[in-house]
Each structure stands twice: as C-alpha cells, then as structure tokens.
Amino acid sequence: MSEAQVGFIKSRLAIAASALLILGALPASASLGGDTASIEADQVHLQGTRTTKAGESYTVHEIQAGNGTAVREYVSPEGKVFAIGWNGPWMPDLRQVLGGFFEQYRTALQAQSGPRIVRRPVAIQQPGLVVQVGGHIRAFSGRAYVPDMLPSGVRAEEIQ
Amino acid sequence: MRNIRIILCVTACFACTFLIGCGGSSGGSTPANVITTTGSNVAPISVNGGPEGDYADAAFISLTVCVPGTSTCQTVDDVLVDTGSYGLRILSSALTVALPQQKSADGNPVAECLTFLGSYTWGPVQTADVKISGEEASSMPLQVLSDSDFRAPEGCTSSGYPSADTVETLGANGILGVGLFAQDCGSPCPASYNQYFECPSSGCVNIPGSGEPLDQQVVNPVALFATDNNGVIVELPGVSTGGEASLSGSLVFGIGTQSNNALGAAKVYAAPEAAFTTTFDNGTYPQSFIDSGSNALFFENATGIAECGSDASGFYCPAAPVSLSATNEASGVSGAVNFTITDAQAIFNANDFAGDLGGLPIGGSTNYFDWGLPFFFGRNVYVAIDGASTSGGTGPFWAY
C-alpha cells in the first residue's frame, strides 16, 4: 500500500481494524490448525456437503460448498487440520477456513504491494504459514498450510 | 514510481525509431501481423506502463462515459483492456460526471463485489452511455470503484485481498472487460456468490432469491453495441527480445462484421467453459485460458527456468531468453504456440513496459496455463462472446 493511500483511507482502516478485533473475539471456529470439530463449523458456514477420504498419512474432508467451490481440509493422524486446498468459481470464505491464521495472511498480503502493479497468482510464504492462490475470475484454486504441521513424508504439492 | 515515469519519457521516444519492423518473438518466424488502424470500429490501445508508469505488460484504452441520454460526457483514459473479465469498471476518483445509481427491486442502491486475482473491486452499480471509437452502448450498467460510497460487507472481504479502488492499487483508471461473456455473473446469481448486494442505510446485504437480474448486471459494452457486437480483436505488434518501452495497437470491435475484422486464417478454439487445453513439456493443463489482463504468461516451471529473486518474486529470470513451445487444443482443433521468456528483472530494470514476461502459476491444483498479454504480442487475438453468431461460428471462442 502506498503512503499516499495510507493517509487517504486511514480512518476507514481504523474502522476495519476494530471490526476485525471484534471478529477475533468470536468463539474459535478455526479450521487451519483446528480439530475435526472445526470442519463441521466450516461445513455449516459454507452451506456444503461433506465427503471424507482416509489415506495413509492423513484424512481429507471435502466440503462441496453451495456456490460450486470445493474446499478440502487435510487432517493429520493427531486430528489436526494441517492444510486446506480449494478450487471452484468463487473464492471460499478464507476468514472462515483460515480461522486464526486469516489475520496473518491478510496482513502479509497487504504488505506485499511492491513498486509495480502485478496481476498474477498470490503467494504468502512465511515460516508459520504458506498460502498460494491462482486461477482467474470464475476459476480460482489455492492451498494453505502450516509447514510445521505437515505429517512426515507429506509434500506440499499433495495439497490440492 | 516517479523515477520510472521520468525515464519512460526518454526511452519511449527512443523506442519509436525501431518499433516498426521488429520481429515478434512470440510469433516465431511467421510474418508480422497486420494491425488495423482505421474504421469506426477501431480504437487505439497502448502498452505503456499505465497512468502510474508501473504496470508492465498491460494494454490501455480511452473511452467516453456520458450521463444516459445527455451530452454530459467525459473521457476516461488509461482503462485496462481485459479479455479475462466481463464488464466496465471505473474508479470513482476518475469520474467527473455524476451517473445515476442503479436500484434493486426493493428500491435500494445496488453495489457489486468482484474478486480478481490478488485484489477485489467494490462499489456502486451505476448507469452510463459508453462510447468507444464509433460504437456506443446505451444505458449500460457499470461498476464504480469506491470504498467510501458504501462499506464493503464481510462477504466481499473474505478473500483477504486488498481493495483496488485507487489508481495506485488498480494501476489503471478502470477495467474494460471484453472477455467471452456479456454479463459478469450470469443467471442465477445467488447470494452464495457474494457478488451483488443491495445497500439500505443499515448496510449492504446480498440481493435475495436468484440475485441481480441478468439485464441489470455489469456488462461487456461490446454486447450492447448496435453493430459489431459479437466480439473483439486485440491487435498488438511483436516485441524484440529484451522488451520495448511501449507498444501501440488496436482494439477492433466485431468479428466478420466489417471488411476490417474478418477472421481470415485464424483458427477457432471453442471455450464453452472459458478454457481450453494446453499441453506443455509433458504436462496437460485443461483449464488454460487467454487473458490480456494477466501481465505475464503464467505456467508450471517444468523446464527448470530460473526464478527471480525477491524484487521480482514469482516471475522468471532466465540468464538468456528461453525459447519454448506448447500446444493448445479445443474440440479437435490444435496448434503449436512458440514463445519466449526473458529475464523479468532486466525488463523491469530497463523500464520496459512490454516484454516476454513469464511467471509461476501458484495455486493448489495447477491445472492451467495462463496466456497473458505476452501471448498477444505479434498476434491478432479474436474473442467471441457467448451465444453470439460470428463468421467463425457461435461464441464463446478464442481465435488466433
């Protein structure tokens, strides 16, 4: 964000920040980093149907949302959601499915604006969080994961 | 940013002397494409860095916006030409005429949220007569980009993306979406899409039921033209390896409707789902697309092209230009595309705004090859609107 713009929308940013603080105080419905129960909260929020597929290193819960977008939540043997993948015509509600990680993601995104305009895939690569989004209007895909939570032997490319 | 603009003034004049006759590196050894410059259905476009001088591989156009049915008009310059979206969006800050606000069935002002890659646009839907070259779309809904008219609801901000509602964040004064579809949502356009909202004083909420009616949606102006309304041709010259400070070309309206917009030898690639299949380096990408609004070719780095450092993160920076080939296929029609990727950092450092940029298609399931603006260099690209009859068949299709 440019300095000029910061001044321009400072007051609105303050409003947005306080709104987010209130949101942050809501009961934890975190999916990424959360437990299996949090997936149920996501399913309700996304108005979707859910199918589950168990694998060797993890279980995948796929929520087919009402807007046509599929969200897949990857659960470790310890019962924690360590990654989320999605694809479909509309972006999923990342505030919901990233849960407690949403602010970290959003802050990193806002800090990304560089010296030139780019219309390209989005990537956040931090020690505690990786988020990658690609595609185009009506066809988005992406993944988010916590590197430290990946079960051993699981590659990031498996998260779809 | 400002330094770049000053340098651009110098290099732009230098470029004029060698622009004509440059071989299109994207076009390989094929003859240079012919660019139409005259006709009531032809508008000039340029790849020049945009209003802020910081936007490489993006094409811009000027258009006229009028209060419907009046001669109260203004010109809006530096509007991005985007074959990857549908409908016209203009920054509130770039508008000097007051346009009428669209109202919902309940009598509330209508506003729209549209998520692009990396940003979203938000603001009221208003109505205008829009003129480009000799063409006009009357009483056309468009999106006015502004965060301050109405507050964006949570359903609009859940991508986490920043809003593009200033010239600094958009890199343009607006977006002219001339892609494969007429309207930007389709029917139905239910609440779960979080795209159209009505805004009583208590705050913006999703339009209920089947959502915003089709004929009220933000629309590709071409579809509303009286003639030449079945699609567009984007015509840009080739670039020399290493890049150009700027390029000049044309946006031609209509396909096979005038003597200057015949399909000629262009091959038609049907795109019923706004996608075709690209095969590249043993990979198959069934959700591939052509998009003048992507400012590079974005594709899987299967060939091990060097990636840029943090200053140009996500782009490719090969030490020497890399020549590659892919195949596009749709409904039994296929053809090879030869293309070149050059060092993005060198292009940026040279303040060139047209170059063979490439980058990574980051995302969960990388099932696409994004043929961004470099694909258009040295190639006339036809975009036929969904359901429209053309000399090459019924849209939606791309042809080149």
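## Chain A: overall make-up

Chain A has five helices and seven strands, where helices (H or I, at least four residues) and strands (E, at least two) are DSSP runs numbered from the N terminus. Read from the N terminus, the order of elements is α-α-α-β-β-β-β-α-α-β-β-β. Chain A has 160 residues, of which 48% count as buried; buried means under 20% relative accessible area, exposed over 50%, and partly exposed in between, with a 1.4 Å probe and protein chains only. Taking contacts in chain A between residues at least 6 apart in sequence, 44% join residues at least 24 apart, a contact being heavy atoms within 4.5 Å.

This is a predicted model, in which local features need pLDDT of at least 70 and side-chain atom pairs count only at pLDDT 80 or more, while totals for chains, interfaces and linings use all residues. Residues are numbered from 1 along each chain as its sequence is written, chains are lettered from A and ligands numbered from 1 in the order in which they are written, and side-chain values use heavy atoms, with hydrogens and water left out.

## Interface between chains A and B

The size of an interface is often given as the accessible area lost when the parts come together. Chain A and chain B bury about 4,200 Å² between them, with 56% of it on carbon and sulfur atoms; this buried area is the accessible area (1.4 Å probe) that two parts lose on being put together, summed over both. The contact involves 43 residues from chain A and 53 residues from chain B.

Ten residue pairs are in polar contact between chain A and chain B, both residues being at pLDDT 80 or more. A polar contact is a pair of N or O atoms within 3.5 Å; within protein, one must be able to donate a hydrogen and the other to accept it, and residues adjacent in sequence count only if both atoms are side-chain atoms. On the side of chain A that touches chain B, the elements giving two or more residues include α1 (3-8), α2 (10-24), α5 (102-110) and β6 (129-136).

## Salt bridges

Over all chains there are eight salt bridges, each defined as a side-chain nitrogen of Lys or Arg within 4 Å of a carboxyl oxygen of Asp or Glu. Between chain A and chain B the count is one. In the pair Arg95(A) and Glu154(B), the closest N and O atoms are 3.9 Å apart. Glu154(B) lies in helix α2 (residues 154-157) of chain B and Arg95(A) in helix α4 of chain A, so the pair joins two chains. Arg95(A) is buried, at 15% relative accessible area, whereas Glu154(B) is partly exposed, at 42%.

Within chain B, Asp184(B) forms a salt bridge with Arg89(B), the closest N and O atoms being 3.1 Å apart. Asp184(B) lies in the loop between β8 (174-178) and β9 (196-198) of chain B, and Arg89(B) in strand β4 (residues 86-91) of chain B, so the pair ties together parts that are 95 residues apart in sequence. Asp184(B) is buried at 3% relative accessibility, and Arg89(B) is buried at 0%. In chain A, Arg155(A), Glu157(A) and Glu158(A) are linked in a network of salt bridges. The Glu157(A) and Arg155(A) side chains meet at 3.7 Å, N to O, and Glu157(A) is partly exposed at 48% relative accessibility.

## Arg143(A): a buried charge

Arg143(A) belongs to strand β7 (residues 139-145) of chain A. Arg143(A) is buried yet has no salt bridge; Glu157(A), the nearest side chain of opposite charge, is 5.6 Å away. For charge, Lys and Arg count as positive and Asp and Glu as negative, with His and the chain ends not counted. The side chain of Arg143(A) reaches two backbone oxygens: that of Ile159(A) at 2.9 Å and that of Ala156(A) at 3.4 Å.

## Nonpolar cores

The largest nonpolar core has 89 residues, and Phe299(B), Phe339(B) and Trp371(B) have the most contacts inside it. Such a core is a set of buried Ala, Val, Leu, Ile, Met, Phe, Trp, Tyr and Cys residues joined through side-chain atoms within 4.5 Å. Strand β7 (residues 135-145) of chain B gives the largest share of this core, five residues. Leaving aside neighbours within four places in sequence, Phe339(B) is in contact with residues including Phe280(B), Leu297(B), Phe299(B), Phe369(B) and Trp371(B). A second, separate core has 38 residues, among them Leu46(A), Tyr105(A), Ala111(B) and Tyr161(B).
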